[in-house]
Amino acid sequence: IEKMEKIPPKILAIIKKGFESMDTNKDKKITKAEIQAYCKKIKCPLTDVQYKTYMGDVEEMNFEEVIEQHKPFMQAVLMMIVADTDKDGKLTYKEFKEFILAGADAVPEEAIKMIFEKFDTDMDGKIDLLECISACTKEEQCLIHIIQQSKY
């Protein structure tokens with residue numbers, strides 16, 4: 001489990017930006033309803049069964065809980081919120097690259113391409129929420145570590 005003090009400040013700021021964007025009522029918590037509303041907005045509706053699969057019995061989380069509970073689903077959703085600048089529910093290579101470079105300095109183009117290709121499992125040139133969730137469930141591709149690993 002990652003603790004907030006172990007996460008580089010740039011990455012923590014990116015995650016926090018996504019959290020604040022999803023917290024539509026500004027109560028410093030993300031609820032099941034806010035998560036489902038975001039998923040519906042990007043044309044990837046989330047049923048109660050799917051929510052339970054990804055989040056268990058968690059009905060709401062504050063920012064610290066999002067980080068410390070290390071929920072890959074939440075990390076994927078937060079990544080999409082921050083990186084999907086045109087808000088179409090999919091990440092282009094350009095959006096993905098900008099997201100990576102926002103959290104790290106001087107990442108080689110080849111590393112960004114390699115990570116993008118791992119996420120884009122249907123090879124359509126875009127990453128949707130389900131692809132992002134799938135990639136974020138693999139420890140080595142988790143949102144908290146993705147920018148650090150892109151340096152290799």
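The entries below go from the overall layout to single residues.

**Entry 1: overall layout.** First reminder to myself: this is a predicted model. I counted through the elements and got nine helices and four strands in the protein chain. Reading from the N terminus, I wrote the order down as α-β-α-α-β-α-α-β-α-α-β-α-α. The chain has 152 residues, and 47% of them count as buried. I also looked up how far apart in sequence the contacts reach. Among contacts with a separation of 6 or more, 59% are between residues 24 or more positions apart.

**Entry 2: the nonpolar core.** Which residues touch the most other members of the largest nonpolar core? I noted Ile 35, Phe 73, Met 74, Phe 96, Phe 119 and Leu 129, out of 47 residues in that core. Next I checked which elements supply it. Those giving two or more residues are helix 1, helix 2 (32-41), helix 3 (48-55), helix 4 (63-69), helix 5, helix 6 (93-103), helix 7 and helix 8 (129-136). Helix 5 gives the most, with 10 residues. For background, nonpolar side chains tend to be buried together in soluble globular proteins.

I then picked Leu 129 from that group and listed its contacts. Setting aside neighbours within four places in sequence, Leu 129 is in contact with Cys 39, Ile 42, Cys 44, Ala 76, Val 77, Met 80 and Gly 89.

**Entry 3: helix 1 against helix 5.** Two numbers describe a packed pair of helices: the angle between the axes and the distance between them. For helix 1 (residues 9-22) and helix 5 (residues 72-83) I have an angle of about 85 degrees and axes 8 Å apart. An angle of 65 to 115 degrees counts as roughly perpendicular, so that is how helix 1 and helix 5 lie to each other. From helix 1, the contact uses Ile 14, Ile 15, Lys 17, Gly 18, Phe 19, Ser 21 and Met 22. Helix 5 answers with Met 74, Val 77, Leu 78, Ile 81 and Val 82. I sorted the residues of this contact by type and got nine nonpolar, two polar and one charged.

Entry 4: Which residues of helix 7 (residues 109-119) are buried? My list reads Ala 111, Ile 112, Ile 115, Phe 116 and Phe 119. Looking down the axis of helix 7, I see these buried residues within an arc of 130 degrees, so they line one face of the helix. The spacing rule I keep in mind here is that an α-helix has 3.6 residues a turn, so residues three or four places apart point the same way. On the other side of helix 7, I found Glu 110 and Glu 117 exposed.

Entry 5: Thr 31 sits in strand 1 (residues 29-31). Is Thr 31 buried or exposed? I put it down as buried, because its relative accessible area is 17% and the cut-off for buried is under 20%. Apart from residues up to four places away in sequence, Thr 31 touches Glu 59 and Glu 60.

Then two lysines with positive phi. Lys 43 is not a glycine, yet its phi is about 65 degrees. I found Lys 43 in the loop between helix 2 and helix 3, and it is exposed at 74% relative accessible area. Lys 87 has a positive phi too, near 55 degrees. Its place is in the loop between helix 5 and strand 3 (90-92). With 48% relative accessibility, Lys 87 goes down as partly exposed.

Notes. Residues numbered from 1 in each chain as written. Predicted model: local features only at pLDDT ≥ 70, side-chain atom pairs only at ≥ 80, totals over all residues. Heavy atoms only, no water. Axes fitted to C-alpha atoms, helices over the stretch in contact; angles between N-to-C directions. Parallel < 35°, antiparallel > 145°, perpendicular 65-115°, else oblique. Contact = heavy atoms within 4.5 Å. Nonpolar A, V, L, I, M, F, W, Y, C, P; charged D, E, K, R; others polar. Buried < 20%, exposed > 50% of the residue type's maximum accessible area, 1.4 Å probe, protein only. Arc of directions from axis to C-beta. Core = buried A, V, L, I, M, F, W, Y, C linked by side-chain atoms within 4.5 Å.
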